[in-house]
Amino acid sequence: MSRFFAEIRPGELRFSVTMIRALLFLFALCPLLFAAQPNLLIITTDDMSCDSVGVFGCKLKDTTPNMDRLAAQSLRFNHAHVVVGNCMPSRNVMWSGKYPHNNRIEGFRAMGKQEKDYPVLGDLVKDAGYFTGIRHKVEHSTPYSPFPWDMVLSEGKKDDVKNAASWGGAATKGIEAAKQAGKPFCLLLNIADPHKPFYAEGNKGQTIPDDNVPGKVFTPEEVPVPGFLHDDPVIRKELAHYYSSVRRADDAVGAILDSLKSAGQEENTIIVFLSDHGMPLPFAKTQLYHHSSRTPLMIRWPGVTKDGAVDDEHMISTVDLLPTILDMLQIAQPGGFDGKSFAAVLKGDKQPERTMVFKEHNENAGGQNTPMRAVQTKDWLYVFSPWSNGTRVMSGATAGTSTCRQMRVLASANAQIAARIDLFDHRVPEEAYEVRYDPDALTNLIAKPENAAQVATLEKALEDWMARTHDPLLEVFRKRDDAAFREQFMKSLEEKQMGRKDRKTANSALKKADEPKALIELEIPKTITLGQKAIVKLKHQFPADLGEKPVQVTLKGGSNERIERKEVKASGTGVIEVTFDIPAEVPGGKVSFAGLVGKSIQDALQHLQTKPVPVK
Ligand SMILES: [Ca+2]
């Protein structure tokens, strides 16, 4: 050694020390520079109530041994809620970080690829170098389809999603494909249970053969009956099918976790687990009640979350999932989210502002508009249903269940059940429940004078949230005491719904025609003079089955500002003359004309605008 140093001249020695220091510094950085990006495994169940899970207080033993095992390695949230009580809108909130009135997936209608103007989970993780895979609920998880997932982990129409073991196979396939691609993985495994059809239940409630037998099959006699339903043999039978399906979902979770372990990826994988909403029975799925939205959220972040930890403090909303996931994966936040990251809570810090969650419902799978908004704290739940007018009936996925049919049968001889069915069908415009004592939402306290201050606080919080998130229901909420205004609001929503159907008719008529024709054209005068009249010719050619439609013709100024709008009714083919008084002064010295078939730009069947022309 001394000989080695003796052979180095002083200048070289200094250089070598600097080099060694630099090497040591790089060495110290090594774990940071070369630490692999963590994988992300998201597991969702379909239509599973939170309290069907053992660790979340299930009254039935052995429903979810694998979810309980995952909970023992995770941080779980006692007060986590999804935003919507049905599938496609709920899942789109999770993976967009936006409320439905902002991500525009308000029901089960996807948007066109070109319409999507915000990033979702799949975009953001792909950009960060992840391999993305999904199984089941593929079209319900993104705003448009087909979304460019790297791999759809299903076997086409033959895919037996109710086979629990197949979920292990799907996980393995995804993990292997990511390895081949040399990328970390982001897998979204949307387990199909306990969504209907339940294990061994036929479509009329009868028992049928089912090859996909769960790890445990429950009997009608042993199952708990939720407080929002009624204890009856028919209902118990359906609940037994449900809880057996919960167990089958749990079997699938076990298969996925085993696959992750076999792949040796357990320690480098973040796991996010939750359900998309509550059980598919009346007063849970498609509603905004406590059991509609409470979800068994668990997050296992190796090296960060503590095994078996329970958060009983924070109200967590699934609108916050995507920003949180980005923080965990150290991916930059793109901005534009309604949600905010709760990664700090995962690290053991507090976010005292998390005291309430907001929920919303807009459309069911059939496109019926029954908008609702709700706010929930740990203690209280307030629900606003502007559609409720005493006669309109909310239709939904749970109305056809044996449980609902049986409740209708029982209602004829039982006033209490009759009142529940009446509420289920018609609801009331406002409801308030003290969920800490009444989680089943059985006693509406909205009209009790002693609760007025509490209700006012909730209403104020909801109004602030609606204003902050630009909710189109804000005005009708502010005028919630005006029944006529609520009904007028609903009529305009229903007209828009009709407008969508008309648009389909118009589009298919246009497609059928040899040469696609526009519904309207505008012919404007050759010269337009200040202070004089200008006659615009509206030429229309509507297909016969479109009937009569309103058409808006608008005079606009040089900066595209509206000067005057006129509405005419048109049907069939013809020309309508629309006369405008050109003002004595027009800013910019130019005008243009716009034509729109329908009531507004949002529901327009066609919209066009002429080029600006100078005014003399
Ligand atoms: Ca669902």
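Helices (H or I, at least four residues) and strands (E, at least two) are DSSP runs, numbered from the N terminus. The model is predicted: local features need pLDDT of at least 70, side-chain atom pairs count only at pLDDT 80 or more, and totals for chains, interfaces and linings use all residues. Residues are numbered from 1 along each chain as its sequence is written.

**View 1. Domains of the protein.** The domain assignment gives domain 1 (2-32), domain 2 (37-354) and domain 3 (520-614); such bounds come from an automatic or database domain assignment. The centres of domain 2 and domain 3, taken over C-alpha atoms, are separated by 50 Å.

**View 2. An open sheet of 8 strands with mixed pairing.** The strand order is E5-E4-E6-E1-E7-E8-E2-E9. Two strands count as paired if DSSP finds at least two bridges between them. Strand E5 (151-152) and strand E9 (309-311) are the edge strands, and each pairs on one side only. Strand E4 (residues 131-135) pairs with E5 in the parallel sense over 2 bridges. Gly133 stands opposite Met151 in E5.

**View 3. Helices H7 and H8 against the sheet and each other.** Helix H7 (residues 164-181) lies across E4, E5 and strand E6 (185-190), and runs at about 160 degrees to E6. Helix H8 (residues 233-262) packs on the sheet, where it touches strand E1 (39-45), E6 and strand E7 (269-275). The direction of H8 makes about 170 degrees with that of E1. Axes are lines fitted to C-alpha atoms, for helices over the stretch in contact, and angles run from 0 to 180 degrees between N-to-C directions. The axes of H7 and H8 come within 7 Å and cross at roughly 30 degrees. H7 and H8 are therefore roughly parallel to each other; angles under 35 degrees count as roughly parallel, over 145 as roughly antiparallel, 65 to 115 as roughly perpendicular and the rest as oblique. The crossing of H7 and H8 is right-handed. A crossing is left-handed if the near helix is turned anticlockwise from the far one by less than a right angle, and right-handed if clockwise.

**View 4. Residues between H7 and H8.** On H7, the contact is made by Ala164, Ala165, Trp167, Gly168, Ala171 and Thr172. On H8, the residues include Arg248, Asp251, Ala252 and Ala255. Two residues are in contact if their C-beta atoms, placed from the backbone, lie within 7 Å. By class, the contact of H7 with H8 has 8 nonpolar, 3 polar and 3 charged residues. Ala, Val, Leu, Ile, Met, Phe, Trp, Tyr, Cys and Pro count as nonpolar, Asp, Glu, Lys and Arg as charged, and the others, Gly among them, as polar.

View 5. Most residues other than glycine have a negative phi, and most peptide bonds are trans. Pro146 lies in the loop between E4 and E5, and a cis peptide bond joins Ser145 to Pro146, with omega about -5 degrees. Pro197 lies in the loop between E6 and H8. A cis peptide bond joins Lys196 and Pro197, and omega is about -5 degrees there too. Asp62, in the loop between E1 and helix H3 (65-71), has a positive phi of about 70 degrees although it is not a glycine.

**View 6. An open sheet of 4 strands with antiparallel pairing.** The order is E11-E12-E13-E14. Strand E11 (356-363) and strand E14 (430-433) stand at the edges with a single partner strand each, so one side of each has no neighbour in the sheet. On average, neighbouring strands are turned by 10 degrees against each other, direction ignored. E11 and strand E12 (residues 369-377) pair over 7 bridges in the antiparallel sense, and Val357 stands opposite Gln376 in E12. Helix H14 (residues 452-468) packs on this sheet and touches E11, E12, strand E13 (381-384) and E14. The direction of H14 makes about 120 degrees with that of E12.

**View 7. Helices H12 and H13.** Helix H12 (residues 402-411) and helix H13 (residues 415-426) pack at an angle of about 130 degrees, with their axes 8 Å apart. H12 and H13 are therefore oblique to each other, and their crossing is left-handed. Met407, Arg408, Leu410 and Ala411 of H12 meet Ile417, Ala418, Arg420 and Ile421 of H13 in the contact. This contact has 6 nonpolar, no polar and 2 charged residues.
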